[in-house]
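Work through the exercises below with the structure open. Try each task before reading its solution.

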Amino acid sequence: MKSGILKKASILYASFSGNTRKVARVAQGALAARGWRAELVNLRNFERGLHAVDADLIVLGVPVQYWDIPNTAKTMIRRLPVFQRTPAFVFTTFGRCVCNSVPWALAMELADKNCSVLGGAQIAAPHSAKMDDGSRLGDMEEAFGKGQPDPATLLGFREALMTVAAKVEEKQTRPIEIERLKALHTRGMTADVMNRISSHRMRQDFMPWVEHLQINCERCYGCLNACDSQAISKDGMDTIVIDRDLCNRCYKCTDICQNSAMTTDWKRFVFLVRTVHLMARDTTSKFVV
Ligand SMILES: Cc1cc2nc3c(=O)[nH]c(=O)nc-3n(C[C@H](O)[C@H](O)[C@H](O)COP(=O)(O)O)c2cc1C
């Protein structure tokens, strides 16, 4: 590190099936190797006073859900404190499916929190949720890859982040033009139009409903604990109940259930994902610094 003072980074992330956490860990490792103190914080555990609000760099990563920032993550980001013109780097992981403008949306959220956004990335990391037969959703479509960000992408991410870290060390913290992050949009204009004409709710309803099969259920309540949307509860007989209005269709409950008591119409899911994938273009990993 060029400056003699120890630099601190807060790497904040949301992750449902592990991809974004994996990239966040790469960020932590890279900054630590550079001599920084880098703390990794799941957004849901961020507590004022406990975690550094005086960081020299904020790294913020979320997965793309329904071509948007996941609702739960958006709420948590809005609860973050206002920073002190802190430099920031934003990234998303996404399934190479549907157009999205999420890195830009993240940058706008952080700009509202008085951060100076110095760069961003979108990382192709196909859906890694497991299906009933043990395969992963990302395995279903050749273009999705194998449900993990590949090593070359992680290298590119590391390099982009190191460019930003060097700028922070050299106190060159003038924000980039946030508009430049639009280079990370998949299908630019289409992403904007799609965001305007459909609500998050409409997009969720597009995806197949999760069924609870009582006969397979061993009442371990792993699904209940895994659900980030408070859509799963127990009734008076301790039987699992799913609230259709609250369910985000993230399939984390189907992923966690060892007994196939939580399941969905995977055939319909795969068909829909393949169909919407036809609308996706230019969906490689990209970096802007
Ligand atoms: C509910 C849900 C909605 C998703 N919507 C999109 C989408 O609109 N576009 C896309 O490219 N990927 C989409 N994905 C795929 C995820 O963005 C991708 O798998 C991401 O890497 C998951 O990150 P995580 O493992 O950190 O949760 C969606 C995944 C889920 C669970």
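Helices, at least four residues long, and strands, at least two, are DSSP runs numbered from the N terminus. This is a predicted model.

**Exercise 1. Find which residue follows helix H3 with a positive phi, and then look at how H3 is covered.**

Step 1. Go to the end of H3. Asn-114 follows the helix, and its phi is positive, near 65°.

Step 2. Recall the general rule. Most residues other than glycine have a negative phi.

Step 3. Count the buried residues. Eight of the eleven residues of H3 are buried, and the helix is mostly covered. Among the buried ones are Trp-104, Leu-106 and Glu-109.

Step 4. Look for the cover. Strands E3, E4 and E5 and helix H2 (71-78) are included in it.

**Exercise 2. Decide whether Leu-110 is buried or exposed, and list its contacts.**

Step 1. Leu-110 sits in helix H3, residues 102-112.

Step 2. Apply the cut-off. A residue is buried if 20 or more other C-beta atoms lie within 10 Å of its own. Leu-110 has 24 of them within 10 Å, so it is buried.

Step 3. Set aside neighbours within four places in sequence. Leu-110 then contacts Ile-58, Leu-60, Ala-88, Val-90, Cys-115 and Val-117.

Step 4. Check a distance. Val-82 is 28 residues away from Leu-110 along the chain, yet their C-alpha atoms are separated by 8.9 Å.

**Exercise 3. Work out the strand order of the six-stranded sheet and say which strands stand at its edges.**

Step 1. Read across the sheet. The order is E2-E1-E3-E4-E5-E10. The sheet is open, and its pairing is mixed.

Step 2. Find the edges. E2 (37-42) and E10 (286-288) each have a single partner strand, so one side of each lacks a neighbour in the sheet.

Step 3. Ignoring direction, neighbouring strands are turned by 15° against each other on average.

Step 4. Recall what joins strands. Strands of a sheet pair through backbone hydrogen bonds, either parallel or antiparallel.

Step 5. Take two pairs. E1 and E2 run parallel over six bridges, and Ser-10 has Glu-39 in E2 as its bridge partner. E4 and E5 (residues 115-124) are also parallel, over nine bridges. Here Phe-94 stands opposite Ala-124 in E5.

Step 6. Ask how enclosed E1 is. Five of the six residues of E1 (residues 8-13) are buried, so the rest of the structure largely encloses this strand.

**Exercise 4. Compare Asp-238 and Tyr-251: where does each lie, and is each buried or exposed?**

Step 1. Start with phi. Asp-238 has a positive phi near 65° and is not a glycine. Tyr-251, also not a glycine, has a positive phi of about 65°.

Step 2. Locate them. Asp-238 is in the loop between E7 (232-234) and E8 (240-242). Tyr-251 is in the loop between E8 and helix H8 (252-256).

Step 3. Use the counts. Asp-238 has 8 within 10 Å, so it is exposed. Tyr-251 has 24 within 10 Å, so it is buried.

**Exercise 5. Describe the two domains and the shell around the ligand.**

Step 1. Divide the chain. Domain 1 covers 8-193 + 281-288, and domain 2 covers 209-264. Their C-alpha centres lie 29 Å apart.

Step 2. Examine the contact. Eight residues of domain 1 and nine of domain 2 take part. The domain 1 side has two nonpolar, four polar and two charged residues.

Step 3. Turn to the ligand. It has 27 residues around it, and Ser-15, Phe-16, Thr-20, Pro-63 and Gly-95 come nearest.

Step 4. Sort the shell. Twelve of its residues are nonpolar, twelve polar and three charged.

Step 5. Trace the shell's origins. Each domain supplies at least three residues. Helix H1 (19-33) and strand E4 (86-94) each supply at least two. H1 gives the most, with three residues.

Definitions and conventions: Residues are numbered from 1 along each chain as its sequence is written. This is a predicted model: local features need pLDDT of at least 70, side-chain atom pairs count only at pLDDT 80 or more; totals for chains, interfaces and linings use all residues. Domain bounds come from an automatic or database domain assignment. Two residues are in contact if their C-beta atoms, placed from the backbone, lie within 7 Å. Ala, Val, Leu, Ile, Met, Phe, Trp, Tyr, Cys and Pro count as nonpolar, Asp, Glu, Lys and Arg as charged, and the others, Gly among them, as polar. A residue is near a molecule or strand if its C-beta atom, placed from the backbone, lies within 6 Å of it. Two strands pair if DSSP finds at least two bridges between them. Axes are lines fitted to C-alpha atoms, for helices over the stretch in contact, and angles run from 0 to 180 degrees between N-to-C directions. A residue is buried if 20 or more other C-beta atoms lie within 10 Å of its own, exposed if 12 or fewer, and partly exposed in between; C-beta atoms are placed from the backbone.
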